[in-house]
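The sequence and structure come first.

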Amino acid sequence: MSKPVADSHDLIRVLGARVNNLKDVSVELPKRRLTVFTGVSGSGKSSLVFSTIAAESQRLINETYSSFVQGFMPSLARPEVDVLEGLTTAIIVDQQRMGANPHSTVGTATDANAMLRILFSRIGKPHIGSPQAFSFNVASISGAGAVTIEKAGQKVKERRSFSITGGMCPRCEGRGRVNDIDLTQIYDETKSLNEGAITIPGISMEGWYGRIFRGSGFFDPDKPIAKFTKKQLNDLLYKEPTKIKVEGINLTYQGLVPQIQKSFLSKDVEAMQPHIRAFVERVVTFTICPECDGTRLSELARSSKIKRINIADACAMQISDLADWVRGLKEPSVAPLLANLTATLDSFVEIGLGYLSLDRPAGTLSGGEAQRTKMIRHLGSALTDVTYVFDEPTIGLHPHDIQRMNNLLIQLRDKGNTVLVVEHKPEAIAIADHVVDLGPRAGTKGGEVVFEGTVDGLRSSGTLTGRHLDDRASLKPEVRESSEVLQIRGADTHNLQNVDVDIPLGVLVVVTGVAGSGKSSLIHGSVAGLDGVIAVDQGAIRGSRRSNPATYTGMLEPIRKAFAKVNGVKPALFSSNSEGACPTCNGNGVIYTDLGVMATVATLCEECEGKRFQAEVLEYKLGGKDISEVLAMSVTEASEFFAAGEAKTPAAHKILTHLSDVGLGYISLGQPLTTLSGGERQRLKLATHMGEKGGIYVLDEPTTGLHLADVEHLLGLLDRLVDAGKSVIVIEHHQAVMAHADWIIDLGPGAGHDGGKVVFEGTPADLVAKRSTLTGEHLAAYVG
């Protein structure tokens, strides 16, 4: 009997995809199989998987809702592709860090907290109220008054009162920390206001602030602040907003401290401009809240207990221990809740995050941890025939943990789902049913499918990925000797157990260990803040579609000056964000039309044809090229262009050399930052820091998003940094980097409270010879 037509749709077909750098890509992906996408960083993997397949699936699902509901959803444009057939619902599990909102914790991000709150409100003794009474995001309020109600045509007044019992600590407002402002940093008490005593950025006596301070009458602006009376000082610093009249104009006077709180402290520190950020870091000291002891919860919420444990204790436990505690509660009245909570906590342990605690702020999770936390929702799900899309799920995983991750991906597939994974690690590529290799290179030289088939087929295919799939680094015959060390004593951040360790300087040091063993706590807690240390972390680059590599690295500055000097005009003309911008599109190159519920449409600006500049600006040349042609060059071309001749610009050439060194020779100078992949952004950050004067570089997993072939370039770059007299400390799981190190510090033996100790320090050869730790065993197997 022939099989029903319905069963014949077992492929996802993509024809003619042209998103970003894809060149009319056509692929057929088998459903209910595990497909891995490989290729160098920037070859178009994410463009195909995320921006084409997953984006179209999400757009089609959004279209099934009413236009009212769609108004609340992100509006997505249809990707540039001729045909997409056989799509299923896509669930994207990406590397986006979780929001750094101070009120967000691992527990609130995963529903575990919600279940715990219900549990305590039902069986906690004494009973204190609804689940809200245990939430640090709900404040307690009460009120009473008369309300007017219309009954049978008559207006009747009734007295009503209400009260909400929340669990928020009133002192720190549920943040767990209170900020104190160091007053010596906001004014110089030896000067008067007119002499410029206030040192807060943006507040000077020249403009409106000067008028308000002089006209308020609360104090004498010519008297040194040290001589103010207690009341005058209080008015200057703490006065709540007060209406005043100055020269016949109604204005509002506000003390300096509430102003700082409103303008600086309510914003995300990371997103501030560097000088304001430096001011905030200097002025504000964060201390653990004395009332709630950092638990974020009010005294009332902490008074209700189950088996001598309150909700704050439960959230502070390591999740693996909390799961055991919940298992021990035998309460038939809340049996379904306990079963659900146990399943969620067990998923954490199963996925390798048992070392976290529920009160850990979500913003402190690494990219890999955030991705695995998001996976927890999908593990126990009963949905099948769904497409799961993963972005490098092995990031931040020790070789020992990668095996676990592979099992999870296979579990999802075996439930009858299509699993699409973008990945570089050979151990993760090995489990694929189907491989799509993109290339041959990156950027404009990529965007084509160079191989489709099985893993064995990839090995013999001769593509870049195929050739490097079985690469194994060998141990260095001899390691560099160090002359001095950086001493760390009694480090106890997070799970570190009073660690004493000497980090050798002037050599390549690799800090490794399983996920959650305390590597980042040790390096970021004890080394990154020291003078002369340049730390390049995994944090996202903040940049709009107007930012590009030339603006981000500061290279545009010398280029604009060179153009201005040769042509005898001012540099501002050569900025598409300033005077030289095309007036029609404001220097964007495209015009955005907002269509409400539908996707915003971007059309090429007809006036400047996407070049972003006014026509007269393009008349000015440097070395025969106008500014838009320079911005369209790749780093490699620009490097030659600015090296010699009329266009010789040493400042720009130096930055371009750094960009080539980190393997970004293929990106163009004017490419929007929003189109760069995660690995490219991190390397861009590294290139920016390379010119700085620091002596110690701290790199956090620089192999993230790097193709096997690029890892060799990276090792060469690290060697060059060390040979130039720098000390390089790398937090890394990649065995090729470990094998290349001069000195290895291995933390463990496990994660969470089973970790936090130094289990090995010495040369890679010693680590392999002893095989005393998990890292040692995996490295020994790797170097064969």
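The second largest cavity holds about 70 Å³ of space. A cavity here is a set of points on a 1 Å grid over the protein atoms alone where a 1.4 Å probe fits but cannot get out, and lining residues have an atom within 4 Å of a point. Points are joined across faces, edges and corners, and a volume is the space filled by probe spheres set on the points.

The model is predicted: local features need pLDDT of at least 70, side-chain atom pairs count only at pLDDT 80 or more, and totals for chains, interfaces and linings use all residues. Residues are numbered from 1 along each chain as its sequence is written, and side-chain values use heavy atoms, with hydrogens and water left out.

D661, V662, G663, R683, L706, D710, H713, L714 and L717 line the second largest cavity. Helix α25 (residues 708–723) contributes the most to this lining, with 4 residues; helices are DSSP runs (H or I, at least four residues), numbered from the N terminus. Because domain 4 (471–541 + 677–783) and domain 5 (545–675) both give residues to the lining, the second largest cavity lies between them. Domain bounds come from an automatic or database assignment.

The count is 6 cavities of 30 Å³ or more. The largest cavity has about 130 Å³ of space. It is lined by 16 residues, of which E392, K425, T703, T704 and G705 are the closest to its centre. Domain 1 (5–97 + 365–468) and domain 4 (471–541 + 677–783) both supply lining residues, so the largest cavity lies between them.

The table gives the lining classes (nonpolar: Ala, Val, Leu, Ile, Met, Phe, Trp, Tyr, Cys and Pro; charged: Asp, Glu, Lys and Arg; polar: the others, Gly among them).

| Cavity | Lining residues by class |
|---|---|
| Largest cavity | 3 nonpolar, 8 polar, 5 charged |
| Second largest cavity | 4 nonpolar, 2 polar, 3 charged |

Key
1 Å grid on protein atoms, 1.4 Å probe; cavity = no way out; pocket = protein on both sides within 12 Å on 5 of 7 lines; lining within 4 Å. Helix = DSSP H or I, 4+ residues; strand = E, 2+ residues; numbered from the N terminus.
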